[in-house]
Amino acid sequence: MDGSADYTCPAGFRFSSKAEVLLHVSSGALQRALDAQATLYDRTTLQAKYDWFRAYTGWVLEIRAGGHNMSKMFKFYAHLRYGLRIASKEDFMSYLRTGIVPVRANDECDTSGKDNIIAHLKFHIKRLPPGWIKETKFSDNGNRKDRFFTDPVTQKVYRSKKLALQYFNTGTAKSHNPRESVTDMYMFDSCTDLLPSLANKLKIEGAEDHQSEEASQSLCRKKRGTSSGFDQPRGKKPKTEKKRENGYCKGHERLPAAGVK
């Protein structure tokens, strides 16, 4: 090959010179790329579950809170530029074939605003190998965004693309180990219970109610476990009953929800 020839590594990266190829190999980047790509064969991982989705650039997997008291989270295939949101893989593939946007509505999850968005997940990231996941987390009514890049092999998280690329190219960069991996949080199919760790990030009416209700119920369960009421002085009600009368464990009304647009 002459000096202008392109070189393509097994992970799909292209190089314009032999020197670039040698640097890619000697730095360990090639092996890290192959190891990351190999995780796509493990169907217990999120990146493997959505490997098919990587081909559709411009689309993200959107996670939203919804349901009674914002106690559930839902998935949508979203094209942010065109404002499209599709609730199932079946409807998504149908849209790609026909160009017709499905009219099915999800009355449990409002998609008209941004205040109940939990995260956007992207599975195709330029200059990073297949298997990496970009997670954009939303908080403060959707006004704050924090971006995280997950290495599929080590499960370590990098707080910027610059750090993720630094690790991929050199093998060293500042990272942290998350309490819950992206697979732990988002492996569900279309709907599941909202995780407490995610509810804490949402500052919307309903999510706060759900969070306080969960905490109240948890505290009540602990009190029932340590005090049955028989050791209370006569004439006095158990503390948990007093808390209930004061609304400590009281539920909340269901929030109105708009259909999918």
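Modeller: Let us begin with pairing: two strands pair if DSSP finds at least two bridges between them. Helices (H or I, at least four residues) and strands (E, at least two) are DSSP runs, numbered from the N terminus. In E7, Thr136 is the bridge partner of His120. This is a predicted model, in which local features need pLDDT of at least 70, side-chain atom pairs count only at pLDDT 80 or more, and totals for chains, interfaces and linings use all residues. Residues are numbered from 1 along each chain as its sequence is written, and side-chain values use heavy atoms, with hydrogens and water left out.

Biologist: In which sense do E6 and strand E7 pair?

Modeller: Strand E7 (residues 133-139) and E6 pair in the antiparallel sense over four bridges. E3 and E6 also pair in the antiparallel sense, over four bridges; there, Arg64 stands opposite Ile117 in E6.

Biologist: How many of the six residues of strand E6 are buried?

Modeller: Buried means under 20% relative accessible area, exposed over 50%, and partly exposed in between (1.4 Å probe, protein chains only). In strand E6 (residues 117-122), five of the six residues are buried, so the strand is largely enclosed by the rest of the structure.

Biologist: Which residues are buried in helix H4?

Modeller: An α-helix has 3.6 residues a turn, so residues three or four places apart point the same way. In helix H4 (residues 89-98), the buried residues are Asp91, Phe92 and Tyr95. Seen down the axis of H4, the buried residues fall within an arc of 105 degrees (taken from the directions from the helix axis to the C-beta atoms), so they line one face of the helix. Glu90 and Arg97, on the other side of H4, are exposed.
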